Every structure is written in structure tokens, then in C-alpha cells.
Amino acid sequence: MMMIGWMVLVVGVLLVPSSQSLRFDIQSGKIKCISEDMKSNSMTVGKYQVINPNQDRHQLLPDSHKLNVKVTSSHGHIFQWAEKVEKGQFVFTAMEQGNYMACFSAPEHWPLITLTIDFDWRTGVQFKDWFNVAKKGHVDAMKVELEQLYHTINSIHEEMFYFRAREKEMQQLNQETISKMMWLSFVSLCFGFSVAGLQFWYLKSFFQENKLI
């Protein structure tokens, strides 16, 4: 029963789609970055928008409420670069595994102002809008559910291999760290013995020269 419980827990965690939906503030002249750990060949979509500070939401945003947006990979590839925009989105397929960074910056303004940003970042299975798939394709609900289940299973399978590879990397890193620590301890021990031996030799020579022993 305990093993079944753990399996259900693991499957439940893997079924949770990777997404970041949040609202945050940023001051003019400042920058804020959000990262997402993605595996290669996974699709992602991000949507962002500056919240209108006016009480009347139908009024246009002030010119000061603009954003600069830059989306990059850990290897420096740029997937989007937008300047002084109110809203936008990005869609791409990850070329390599690693952390992908979405950085938002507000142009300098005096006096200082604070921008409120809505940001929704989705990857993997959650990227697909299954309701729109069913609506556009006029397929029955059962077919859509089966297709979603198929993609979910594939996603779980890929996630398992991904976590296994990360676990192997962590084990290798731990072994390398332990080996380096053992070598450092050995060098420190040898250095300590050498210093102790030099001190003993110096004291012995000093006492003999002064005929104290």
C-alpha cells in the first residue's frame, strides 16, 4: 500500500504542468528576471501585460508605463527582444536543456513609478489548448481526451528520463566533490605534518645551539 501511495504521488507530481502565472511590480529603471527550467524540444508560450493604473480601464496606458522584454536561454540565444511595449507574447521550442530567462525592465522615469505586470508562462502539456483543439477540429470529446492522455503519458515518459539524467548528473557531481574533498584533506594533513616537522627540527636545532639540551 505504501509503495502504491508513493507511485500515485510521483505520477501526480509529474502530471502537474509546468507553468508560472504571477503578478509582480517593477520600478522604473529596474529589471526583474524569471527563469524556467526546460528540457530540449519542449514547447513554451508566455504572455505578459502591463496593468492599467487608471481607475477607468478604458483609458490608454500612460507613455511611462512601457516595458522592455528579453527572453534568452542559458547559452545566450535570444528568443524575443521587445522595447517599450504594453503587452505581448512569445512562443518557441527549446533548442537545448537548461534554464530559460525572461527579463522585464522598465525604462528610467522621474519621478519613479511602479509598473504592475501580469505574466503567464506555460510549457509542456499545458501549452496545448485542448478546448480550442476540439472546437476548431469539431472532434468528439472522447477523442480529445484520448489525445490529451496520450500527450500526458509521453510527457511523463520524457520527464522520467529527464529526472533520471539529472539524478545521474547529481550523483556524478557528488562523487567528484567527495573525491576533491578527500584529496584536499590529504594535502592539508600532509601540510600539517610538514609544518609540525619543521617546527620540531627548528626547536631542536635552537636548543642544541644554545646548549639547552
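**Residue contacts, disulfide and aromatic core in a predicted model**

His65 sits in the loop that runs between β3 (43–50) and β4 (67–73). Strands (E, at least two residues) and helices (H or I, at least four) are DSSP runs, numbered from the N terminus. The structure is a predicted model: local features need pLDDT of at least 70, side-chain atom pairs count only at pLDDT 80 or more, and totals for chains, interfaces and linings use all residues. Residues are numbered from 1 along each chain as its sequence is written, and side-chain values use heavy atoms, with hydrogens and water left out.

His65 has a relative accessibility of 9% and therefore counts as buried. Buried means under 20% relative accessible area, exposed means over 50%, and partly exposed lies in between (1.4 Å probe, protein chains only). The His65 side chain makes a polar contact with the side chain of Ser64, at 3.1 Å. A polar contact is a pair of N or O atoms within 3.5 Å; within protein, one must be able to donate a hydrogen and the other to accept it, and residues adjacent in sequence count only if both atoms are side-chain atoms. With neighbours within four places in sequence set aside, His65 is in contact (heavy atoms within 4.5 Å) with Val50, Pro53, Glu86, Ile113, Thr114 and Leu115.

One disulfide was found in a search of the whole structure. The criterion is a pair of cysteine sulfur atoms within 2.5 Å. The partners are Cys33 and Cys103, with sulfur atoms 2.0 Å apart. The link of Cys33 and Cys103 is right-handed, with 110° about the S-S bond. Cys33 belongs to strand β2 (residues 31–38) and Cys103 to strand β7 (residues 98–105), so the pair ties together parts 70 residues apart in sequence. Cys33 is partly exposed at 37% relative accessibility, whereas Cys103 is buried at 17%. Cys190 is partly exposed, at 33%.

Aromatic pairs number 12. Rings of Phe, Tyr and Trp (its six-membered ring) pair if their centres lie within 6.5 Å; planes under 30 degrees apart count as stacked, over 60 as edge-to-face and the rest as tilted. Phe79 and Tyr100 form a tilted pair, 5.7 Å centre to centre and with 45° between the planes. This pair links distant parts of the chain: Phe79 is in strand β5 (residues 78–85) and Tyr100 in strand β7, 21 residues apart. Phe79 is partly exposed, with a relative accessible area of 24%; Tyr100 is buried, at 1%. The ring centres of Phe90 and Phe119 are 6.3 Å apart and their planes lie at 40°, so this pair is tilted. Phe90 in strand β6 (residues 87–93) and Phe119 in strand β8 (residues 114–123) are 29 residues apart, and their pair also links distant parts of the chain. Phe90 is buried at 3% relative accessibility, and Phe119 is buried at 1%. Ring pairs join Phe24, Tyr48, Phe79, Phe90, Phe92, Tyr100, Phe104, Phe119 and Trp121 into a cluster.

Charges also sit over rings, a class that requires NZ of Lys or CZ of Arg within 6 Å of the ring centre and within 35 degrees of the ring normal. Lys32 lies over the face of Phe24, at 5.6 Å from the ring centre. Lys70 lies over the face of Trp81, at 6.0 Å.

The largest nonpolar core has 23 residues. Such a core is a set of buried Ala, Val, Leu, Ile, Met, Phe, Trp, Tyr and Cys residues joined through side-chain atoms within 4.5 Å. Residues with the most contacts inside this core are Tyr48, Leu67, Phe90, Phe104, Leu115, Phe119 and Trp121. At least two core residues come from each of β1 (19–27), β2, β3, β4, β6, β7 and β8. Strand β8 gives the most, with four residues.
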